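Subject: Structure handover

Hi,

Here is the structure I promised to pass on. Please open it first; my notes follow below.

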Amino acid sequence: MSGDCILTIDHLTMRFGGIVAVHDLSFDAERRKITALIGPNGAGKTTVFNCITGFYKPTSGTMRLTHDDRRDIQLERLNDFRISKQAKVARTFQNIRLFPGMTALENLMVAQHNALMRASGLTFLGLIGAPSWRTAEKRAIDQATLWLDRIGLIDRADDAAGNLPYGDQRRLEIARAMCTEPALLCLDEPAAGLNARESAALSELLLSIRADHGVSILLIEHDMSVVMEISDHVVVMDYGVKIAEGTPQNVRDDPKVIAAYLGADEEEAIAVMESGT
Amino acid sequence: MTGVGVTAPALEATQVSRAAGVAFIFKKAVISALVALVLFSLMIGIRTEAGPAGQLIYWTRFGDLAAMVATVFGGSIVVELLRQWWGPVDTVRIVPPRVQSTLALARRAIAPVLLVFTFLVPVIFYNERYILDLGILVLTYVMLGWGLNVVVGLAGLLDLGYVAFYAVGAYSYALLATTFGLSFWVCLPLAGILAALWGVLLGFPVLRLRGDYLAIVTLAFGEIIRLVIINWQSLTGGPNGVTGIPRPTLFGIPLTPADDGLAARLGIEFSPTHRIVFLFYLILALALLTNWVTIRLRRLPIGRAWEALREDEVACRALGINTTTTKLTAFATGAMFGGFAGAFFATRQGFISPESFTFQESALVLAIVVLGGMGSQLGVALAALAMIGGFELFRGLDQYRMLVFGLAMVLLMIWRPRGLIGHRAPTVFLRHSHAISSDLVKEGHG
């Protein structure tokens, strides 16, 4: 693999008591590319995400994030909120976690918290209504408006996020993650529960995010149409270990992957494949 | 949506549910009556007393028992009917849009009307000391409610020991003023800062706790402060309290009959009411300051982070929000306002003792916040008025006062389970600010 990687996972292991959720996993995510992490249910994909985004402390292994300015950050040394604040890694959740009682616009404003905190002079400048704070707030609203426009929710900006349809909530969560201005965007099953048309729109959105913002994307997805269409590189996991990796085309034809998905023995699958060709 | 939505099928559905409702109401009333029969059969049905020779004599009162059970039966039906008519879910659908818009107008007008009225209270009731004192009491609780609202309503952290900060504020002023002779206006910010410091101190150990556990630890904290005050005799005077706390001055001009007093300087006749009126406007100013700061904070990133924390803490962390400092600032801000109110309390009373800072105060302030609708400033003010003023209103009922008051609270909670003002107003909007229904707003996990 080429040298320009934004994320390098090296021998990552995550153990919960006696259960090994992720075992000795190593893979790279290239800069400004879309890397997909796929595998059957319970393969440990979300655990990997939780390690990368600081919700779990890995048992062993390293995760190195390299920013555009060649600055290296060891993710396993940072905890929870600092991963987003300092390492610029944003994520979405498998079961949407918006702030349901706040409006769509407010959700995107909360995402800009750290920048706005600085602009409001840790609240004190904001409290007296300093002009510098006012302009910063206006800029933040513009930024949020831009994203609402982009995901087609500008007309519902003032509606509670919990009132939006499911597909809109998914897109809003992605927009909220993007409002933190991340270098790496981790999406946990963004197409889950979407219909075919919404999935296609999602693929388009992700491709445009990558093109316009230079963001690298790491994606967990079950919807193969999305994975095959947009990913540049696919990593396949099963039972906590990597069983294959490569371009979508390569992975699709890999007997190990087919075996994992169909639940057959590896030898059996190879036998089937060989007899077929 | 609601106006158009009530079409033929919807009406049919209502009628069907109403038919089923009769059986339901009847069943519920019978069950309630049975429970009442079991409960009251011994309590009311049989009366026992010690006879003249020390023997037990008893007689039956089945008539009273029957009346009681019948009351419960009838009451249950009435309550169920009321619940179905004004029920929390159906209110929106049953009240016609025109009435709703009138109500909305009234709702918008209520805050300014209340504010103007409050400003005029000392003018209207100048000669009624009782009303003025009651007004000061209500405003103190409004301020405490607004302070606690930051912690409970906005950040969603259940705090049962809020009275601790009230006590810290009161004792800070009392001790600083009596020991060092500092004036009220110097002590007021100091009391706030000290209380905020205690807020942070409480915040640290409870950061990792949620829900019930958080509530218990904050409750314990409130008790610890009270016990320390009782037992640290050399500093606080123990159960005897602190006496001779200086009265506030109008920026150095005392409100006394002395020659340098305000009355003498203005050339008007001295009256003790001057001080009461001054205290009234002082607490009003402090409460309005609390309100203004809270409203401002809600629109700043810190306030939005508080509300986001209440909605979903995990998502906050994923967005790079430091949940530790966010929680601590909520505790500190709430505590600071509690400290201000405490300093005011000390200067108004002129005497403080640990008895004023029992758990009951915490519970009362929390009840005001919950009753008002968590997070709503106007709701908290209305609830403080209802709780403190209402309690005074029932004074004539003597021993039934608590009973009637409790019943009123239960009815109110049936009618409005999420508080008087249950909806949430957005902090920022692009085109229109719609109120957000309370069904969507989370209460926080503590």
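How far apart do the C-alpha centres of domain 1 of chain B and domain 2 of chain B lie? The distance is 41 Å. Those two domains cover residues 20-86 (domain 1) and 106-415 (domain 2) in the domain assignment of chain B. One caution before the rest: this is a predicted model.

Chain A, overall

Chain A contains 12 helices and 10 strands. Its C-alpha trace spans about 75 × 40 × 35 Å along the principal axes.

Chain A, domain by domain

Chain A also has two domains in its assignment. Domain 1 is made of 1-88 + 182-277, and domain 2 is 98-180. Their centres, taken over C-alpha atoms, are separated by 28 Å. The two do touch: 11 residues of domain 1 of chain A are in contact with 10 residues of domain 2 of chain A.

Which elements of chain A give two or more residues to the domain 1 side of that contact? They are α2 (81-85), β7 (184-188) and α8 (196-213). α8(A) gives the most, with three residues. By class, this side of domain 1 has seven nonpolar, two polar and two charged residues.

Where the chains meet

The contact between chain A and chain B takes 34 residues from chain A and 33 residues from chain B. On the chain A side, five helices each supply at least two residues: α2, α3 (104-111), α4 (113-119), α5 (124-127) and α6 (131-150). The largest share comes from α3(A), with five residues. The chain A side divides into 14 nonpolar, 13 polar and seven charged residues.

Start with V369(B). This residue lies in helix α16 (residues 359-372) of chain B. Why does V369(B) count as buried? There are 28 C-beta neighbours inside 10 Å, and the cut-off for buried is 20 or more. Leaving aside neighbours within four places in sequence, V369(B) is in contact with G145(B), L148(B), N149(B), V152(B), G153(B), M374(B) and V380(B). L160(B) is 209 residues away from V369(B) in sequence, yet the C-alpha to C-alpha distance is 12 Å.

Then go to helix α7 (residues 163-180) of chain B. From first C-alpha to last, this helix of 18 residues reaches 25 Å, close to the 26 Å expected at 1.5 Å a residue. Is α7(B) mostly covered or mostly open? Mostly covered: 15 of its 18 residues are buried. Just after α7(B) comes G181(B), with a positive phi of about 65 degrees.

Best wishes

Note on methods:
Residues numbered from 1 in each chain as written. Chains lettered and ligands numbered in written order. Predicted model: local features only at pLDDT ≥ 70, side-chain atom pairs only at ≥ 80, totals over all residues. Domains from an automatic or database assignment. Contact = placed C-beta atoms within 7 Å. Helix = DSSP H or I, 4+ residues; strand = E, 2+ residues; numbered from the N terminus. Nonpolar A, V, L, I, M, F, W, Y, C, P; charged D, E, K, R; others polar. Buried ≥ 20, exposed ≤ 12 C-beta atoms within 10 Å, placed from the backbone. Expected span 1.5 Å × (residues − 1).
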